[in-house]
Amino acid sequence: MPQSGLPDVSIPRRLSAPAPGWTTTADVIVVGSGIAGLTTALRLRRRVDRVLLVTKTVLDEGSTAWAQGGIAAVMSPEDSPAEHIHDTLVAGVGLCDVDAVRTLVTEGTDAVWDLIALGADFDRGDTGKISLTREGGHHRDRILHAGGDATGREISRALIAALDRVRDDPGIEVIEHALVLDLLTDAEQRVCGVTLHVIGEGQVDGVGAAHARAVVLATGGLGQVYASTTNPSVATGDGMAAALRAGAVLSDLEFVQFHPTVLWLGEGSRGQQPLISEAVRGEGAFLVDEAGERFMLGQHPLADLAPRDVVARAIIARMRETGTDHVYLDCRHLGADFLEHRFPSIVSRCRELGFDPATELLPVAPAQHYASGGVRTDLHGRASLEGLYACGETSCTGVHGANRLASNSLLEGLVFARRIADDLTSRLGAGELPETTPVTADGAPELVRSKRRLDIQRSMTAGAGTVRSATSLAATEQALGDLAARAVTEAADRQGGPQSWETTNLLHVGRALTYAAALREETRGGHVREDFPGRDDDHFLHHVHLRRSDAGLLTAEVVPVPRSNLEGLDLDGSVPLDVLDEDRADGAGSAKPAGRHTNSENGPEETA
């Protein structure tokens, strides 16, 4: 077993919570209401007798609604699946599952057309064709967007509208304001339901137990484990933590994407931070330092549109060189009219905060944005525990590898949600996953009081954030271990509440992430080690699989990646010229003239 250099990490089997006071049953429980959860539930509704959709707050408050940039898919005759696959593999720095990437891209186009048929209204040009733009790491215009910079909001609206149309269907039930606590398992460790806490009045209130033949986790990411993130407040790693406690395999947790251009609001700013979409750079904005120098030129053939990890590292390096805590994004040359039309939400938010992108430089710095790792799944969305599925940011399908390509996340949630629904339909129809009885989880539960959340976030940001080292990771684990030990005495007589349960989830995923990061003594993708600044394909071309052992300790397994993953890819920055437009092949930069889009041909939505 690989050695992290950290002490043993103990993970409890369950959270401290009251015994369930009510029960309900379903064939499938879907946890989460972003693109992954809603797509899964809607596709299952007509195929299985009863689907229960559980969401933490209300249907439209998940991460999907916050997605600004768009959804990537091959929609233009100038584009091809091979090019989208290539760009994804380059961004993933050798660790993508090639079969998963191929599945994503080849099934993605039809999935997007189906989304359009469902009612999603993407932006179109004067001819009525769908407008396509470009983001970091892409060599073709393949990003669909809606409302300029409100793509996630439009996708969420369309899916919720589709769900509203079938609210009276007895085959689907929605429970809002419900926090899932732990997974229920039977004597064979098969997942057969969840415990959850519902904030409300009436029969379904407080902690209850929902039994099912299968559970789909689509709870989003873990962004709130850091002090600054673009993620909403609900992104507390609940699904990942519950799966970890139940003994499921989690993979690639060390690969956390820090978005390069998050509006810098000053030292001490905490919580969800305003994102300046990569699409702004896709339309021609560029980065400069305090002296006005375009420091991305010469760093990478795509300059300001290099993959996100490349841009984030370049920003961090320039901040260190200049002794500053931010750089600047220059959008001024795009003009007020174009900015207000193309990015209305971003412009409005910036102006609310005292910045005008049409007339002044925007201060930006990297902040946590996306978790490339999560609950390890196969191509059907199945996790390592029978009866458990995961989708979206909660999962690790292998699509993203060490770094997610821009706008692939919404596509992943869409494509693999469809695959999960199809797999469950087939298995349940064949009599697989029969009803079973959960057993009581062994071991003492754990609860960290909510007032410790900032301590967790500060420790993770300082030691397991944008730049890591053996020393910083050891300090983070020491701090988190102390909080876990303190939880035993602080919460001895407490049974918890939503904020304390969320804080405990952050502790568990934070310790797992720190453990994985300590094992990877190299720099690759979203994982940056200042004590090991180079990529080491000879020793670290592998995934780190973590799971909780029967003894309650975090254990790691190294799963090698075929060296063939590297063939045909120059992971140091250059790309084959045959996948570049002529005007970009010289490497001088990748910004398009303001407002230039390509348009896709009208597709299957004509027949919807």
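**Aromatic and strand contacts in a predicted model**

Phe-258 counts as buried, at 10% relative accessibility (buried means under 20% relative accessible area, with a 1.4 Å probe and protein chains only). The structure is a predicted model, in which local features need pLDDT of at least 70 and side-chain atom pairs count only at pLDDT 80 or more, whereas totals for chains, interfaces and linings use all residues. Residues are numbered from 1 along each chain as its sequence is written, and side-chain values use heavy atoms, with hydrogens and water left out.

A search of the whole structure returns one aromatic pair (ring centres of Phe, Tyr or Trp, the latter by its six-membered ring, within 6.5 Å; planes under 30 degrees apart are stacked, over 60 edge-to-face, and the rest tilted). The ring centres of Tyr-226 and Phe-258 lie 5.5 Å apart with the planes at 75°, so the arrangement is edge-to-face. Because Tyr-226 belongs to the loop between strand 11 (214-217) and strand 12 (228-229) and Phe-258 to strand 14 (residues 256-263), the pair ties together parts 32 residues apart in sequence. Tyr-226 is likewise buried, with a relative accessible area of 1%.

The chain contains 14 helices and 24 strands (DSSP runs numbered from the N terminus: helices H or I of at least four residues, strands E of at least two). Strand 22 (residues 542-548) and strand 23 (residues 554-560) run antiparallel and are joined by seven bridges; pairing requires at least two DSSP bridges. Val-544 has Val-558 of strand 23 as its bridge partner. Five residues separate the strands of this hairpin, where Gly-552 adopts a positive phi near 90°.

Notes. Buried < 20%, exposed > 50% of the residue type's maximum accessible area, 1.4 Å probe, protein only.
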